[in-house]
Amino acid sequence: MLILSRRPNESLRIGNNVVITVVGFSGNQIRLAISAPPNVIIDREEVHLRKIAESIPTLSPPVTPAAPTKVRTVRRTPEVRRRSRLQAG
């Protein structure tokens with residue numbers, strides 16, 4: 001983790017496209033201005049975690065009940081051993 005100190009109106013860059021500027025502070029809060037391309041998603045941490053929690057059930061496609069398939073069962077007749085006349089005696 002990188003920890004930086006910045007004063008109001010000072011900035012830091014992330015890559016070539018993201019600029020974060022300290023706009024001001026009051027008490028224990030700071031105000032940041034973030035300049036980034038439209039394809040970069042910027043969320044507060046709690047919003048990001050809520051989005052992840054809401055998306056977990058949708059990670060796998062919804063299960064739709066399939067039409068019941070007809071299973072063919074083959075009934076086998078039990079083999080009956082017939083005793084030959086020679087064994088009967």
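**View 1. Order of the elements along the predicted chain.** From the N terminus on, the elements of the protein run β-β-β-α-α. The protein thus named holds two helices and three strands; helices (H or I, at least four residues) and strands (E, at least two) are DSSP runs, numbered from the N terminus. The model is predicted: local features need pLDDT of at least 70, side-chain atom pairs count only at pLDDT 80 or more, and totals for chains, interfaces and linings use all residues. Residues are numbered from 1 along each chain as its sequence is written, and side-chain values use heavy atoms, with hydrogens and water left out.

**View 2. The open sheet.** Three strands, in the order S1-S2-S3, form an open sheet with antiparallel pairing. Strand S1 (11-14) and strand S3 (29-35) are the edge strands, each of which pairs on one side only. On average, neighbouring strands of this sheet are turned by 30 degrees against each other, direction ignored; the axes are lines fitted to C-alpha atoms.

**View 3. Pairing of S2 with S3.** Seven bridges join strand S2 (residues 18-26) to S3 in the antiparallel sense; two strands pair if DSSP finds at least two bridges between them. Ser26 stands opposite Gln29 in S3.

**View 4. Surface and contacts of the protein.** Of the 89 residues in the protein, 8% are buried (under 20% relative accessible area, 1.4 Å probe, protein chains only). The protein exposes about 9500 Å², of which carbon and sulfur atoms supply 55%. Among contacts (heavy atoms within 4.5 Å) with a separation of 6 or more, residues 24 or more positions apart account for 0%.

Technical notes
Axes fitted to C-alpha atoms, helices over the stretch in contact; angles between N-to-C directions. Buried < 20%, exposed > 50% of the residue type's maximum accessible area, 1.4 Å probe, protein only. Areas by Shrake-Rupley, 256 points an atom, 1.4 Å probe, with all protein chains shown as cover.
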